[in-house]
Amino acid sequence: MPKYLLLKHYRGGPEPHHPFPPMDQWAPQDVEAHMAFLRHVGELLEENGEYVDAQALTPAQTWVRYGGPDAAPVTTDGPLPETSDLVAGWYMIDVESHERAVQLAAYISSEPGPGGEPLYEWIDVREVMSGAPAVD
Amino acid sequence: MLRALVPEVLAGLVRRGEDFAAAEDALQEALIEALRVWPEHPPRDPGAWLATVATHRLVDARRSDAARRRREDRLLEQPESEPAGSETSDDTLFLLFCCCHPDLAPASQVALTLRAVGGLTTREIADAFYVPEATMAQRISRAKRTLRGRRLNQPGDLAVVLRVLYLVYAAGHAGRVDLAREAIRLARQLTLATEEPEARGLLALMLLNHARLPARFDAEGRIVTLDRQDRGVWDTREIAEGVRVLQSALADERPGRYQCEAAIAALHDDAASPAETDWPQILAWYDSLVALTDDPVRQDPTAVLARSVAVGHVLGAAAGLRETDRLHEVLGDRHRWHAVRGYLHELGGDLPAATEAYAEAARLATNVSERDHLVRQAVRARVAS
C-alpha cells in the first residue's frame, strides 16, 4: 500500500479559501472544537489501520548549508518572502490509493475554524517513495 | 519482580571480572529466557538462576571467540565465589556509577541506566523516547563501547547519577512506558545505598510531584495548572512519604538543590486550596535554591524564573515581572519565559498584556500539549479582558 504525507502549512501554498485570524483570537468554544477535531482525526486513522505517524513542527526555521572546508556551517533564519512555504506538521498515512489519500486530506481540511465553519485549509498531499521495488 | 533482580545479578558478574558490556548483553538474554521458562518452571532462587544462565551465555559467547579461549579456560577453572549475602543496595550504586559515567552523553546515560539498572528491554526504552528500536539498540551498544576499557571500580559522581535519574523522571510524563514510576523505584534504591541527603531530596521531589499527577490532565488530556487542579485526587500516601523522606534529608543540614525543590513541592502539596499556599515560605526556599550558584541568572535561569512567580505572589506582580526582566537575555526566546510573564500579568490584572504573552509563548512552545494549553490561556485572558 502506498504511503502519503498530508502536510499542513503555517504559510505558503495556493490562495487561501478565506482569510482567518490566528487561533488565539478565536472564541474559546471554536478553539476546543478545532483541537477536538484534530484528536478525532488521529483516532480515526488509527481505527482505520491507516495511521503511520503524525507530528507538529514549531514555526522556527533555520536554513543551513555546508560552509566549505574548515569553515563553519552557513545558517540563515531569513528574511524569507512572506509567501515562502512553512510546514506546520503532517499526518503520514498508509492507504489503498491516491484517491483515499485525497479523500482523507479533504476531510482534514474540513476542520472547524471560527464560528465552527470549515477552514477549507489547503493540504499538501505527497506520495512517499517506497524503499524497495514492488514484486512483479 | 524480575527486573528488581537485575542490578544484583549484573553487579555480581561485573565484580567477578566480567566485561560490563558483555555481562549486560548476557543478562538481557537470560531475562528473555526467564520470561519463557519461569511461568512453567519457577526457579527456587531467581537471582541465582539468572546469574547461572547469564554466565553460560558469557561462556558460549567466549567459546565462539577463539582469541579469548585462554580467558575462558581461566574462568571455568575459577570456582564461583559469589557471596551469598545480599549486597543489593551497593550493587545498585555501583551500576549507577557505571551507567552514569561522565564520558557518556546524557541520552546514553539514561538509556543505559534504564536497561542495566532498570532492567527494561531495548524495545521499552525505545518506545518511551519515541525512537525506532534499532536506534536505541545502537545508542546502548555505542555507550557500552565507550565504557569498554574504562576502570569501573572507583566511585563515580553522585551528582551525575542524580541528574540522570531526574531526566528519567522528567521523560516519564511524555512517553508510553511509565518512566516516572521507574525513576522513583531507582531513586528509592539509591537512597538505600548512599547517605547523601541530596539522594533523599531527589526521591522526595519525585514523590511530591508525582502525587499531583492524577490531577495534572483532564479527561481530554488537557493540561490543568496547579491553581485549577482538583486537590482531592492528589495521592496523599505519596505526599506523606515524600514529606517523611524530605524531613530525614533536611535533618542532615547539608542543603542542596533537590532538597530545596522538594521543600517547595511539599509546600504546594500542603495547601488545601490555591489561596492557602504559603508563598512567603516558598519564596524563602527559592532564595536558598538560587543562592546555591554564584551567578543564578546564567547558571540556573529556570530556578530564577520559577522564583519570579513566588516573588509575584509575595511582593506583587510588578516585582515578579522585574525579576523576569533580568532573564530576558538568557531565556527571552523560550516559551516558558513568556508563559511566566503571562501568568504574572494576569496576576496583576493586566489581561491584554497577559494575552499577548501567552500567545507568544504558544508560538514558541516545543510540546503539543503545552502549545494547546498556552493557546487556551491566551484565549481565556482575551475573553476575560
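This is a predicted model: local features need pLDDT of at least 70, side-chain atom pairs count only at pLDDT 80 or more; totals for chains, interfaces and linings use all residues.
**Figure 1. Overall architecture of chain B.** Chain B contains 22 helices and zero strands. Its C-alpha trace spans about 80 × 45 × 40 Å along the principal axes. Of the 385 residues in chain B, 49% are buried. Among contacts in chain B with a separation of 6 or more, 62% are between residues 24 or more positions apart.

**Figure 2. The interface between chain A and chain B.** On the two sides of this interface, 14 residues of chain A are in contact with 15 residues of chain B. The area buried between the chains is about 1100 Å², and carbon and sulfur atoms give 59% of that area. D24(A), E32(A) and M35(A) together supply 44% of the area that chain A buries against chain B, more than any other three residues.

**Figure 3. Polar and charged pairs across the interface.** Three salt bridges are found between chain A and chain B. One of the residue pairs joined in a salt bridge is R363(B) with D24(A), at an N to O distance of 3.9 Å. Five residue pairs are in polar contact between chain A and chain B, with both residues at pLDDT 80 or more. Helix α1 of chain A (residues 28-48) contributes five residues, the largest share of the side of chain A that touches chain B. By class, that side of chain A comprises nine nonpolar, two polar and three charged residues.

**Figure 4. The cysteine pair C99(B) and C100(B).** The structure holds zero disulfides over all chains. The cysteine sulfur closest to that of C99(B) belongs to C100(B), and at 6.2 Å it is too far for a bond. A disulfide would require the two sulfur atoms to lie within 2.5 Å. C99(B) is buried, with a relative accessible area of 0%; C100(B) is likewise buried, at 2%.

Figure 5. I264(B) is located in helix α14 of chain B (residues 257-270). I264(B) counts as buried because its relative accessibility is 5%, under the limit of 20%. Beyond its neighbours within four places in sequence, I264(B) is in contact with I282(B), W285(B) and Y286(B). The C-alpha atoms of I264(B) and D91(B) are 32 Å apart in space, and these residues are 173 residues apart in sequence.

**Figure 6. A salt bridge between two loops of chain B.** R148(B) and D19(B) form a salt bridge, with the closest N and O atoms 3.8 Å apart. The pair links distant parts of the chain, 129 residues apart: R148(B) is in the loop between α8 (133-147) and α9 (158-171), and D19(B) is in the loop between α1 (6-15) and α2 (20-37). R148(B) is partly exposed, with a relative accessible area of 47%, and D19(B) is partly exposed at 25%.

Figure 7. The closest N and O atoms of R185(B) and E182(B) are 2.9 Å apart in a salt bridge. Both R185(B) and E182(B) are buried. The two residues are separated by about one helical turn because they are three residues apart in helix α10 (residues 179-193) of chain B.

Figure 8. E323(B) forms a salt bridge with R326(B), whose closest N and O atoms are 3.0 Å apart. E323(B) counts as buried at 17% relative accessibility, whereas R326(B) counts as partly exposed at 46%. Elsewhere, salt bridges that share partners join E32(A), D218(B), E220(B), R222(B) and R376(B) into one network. Over all chains, the structure holds 38 salt bridges.

Methods:
Residues are numbered from 1 along each chain as its sequence is written. Chains are lettered from A and ligands numbered from 1 in the order in which they are written. Side-chain values use heavy atoms; hydrogens and water are left out. Contact means heavy atoms within 4.5 Å. Buried area is the accessible area (1.4 Å probe) that two parts lose on being put together, summed over both. A salt bridge is a side-chain nitrogen of Lys or Arg within 4 Å of a carboxyl oxygen of Asp or Glu. A polar contact is a pair of N or O atoms within 3.5 Å; within protein, one must be able to donate a hydrogen and the other to accept it, and residues adjacent in sequence count only if both atoms are side-chain atoms. Helices (H or I, at least four residues) and strands (E, at least two) are DSSP runs, numbered from the N terminus. Ala, Val, Leu, Ile, Met, Phe, Trp, Tyr, Cys and Pro count as nonpolar, Asp, Glu, Lys and Arg as charged, and the others, Gly among them, as polar. Buried means under 20% relative accessible area, exposed over 50%, partly exposed in between (1.4 Å probe, protein chains only).
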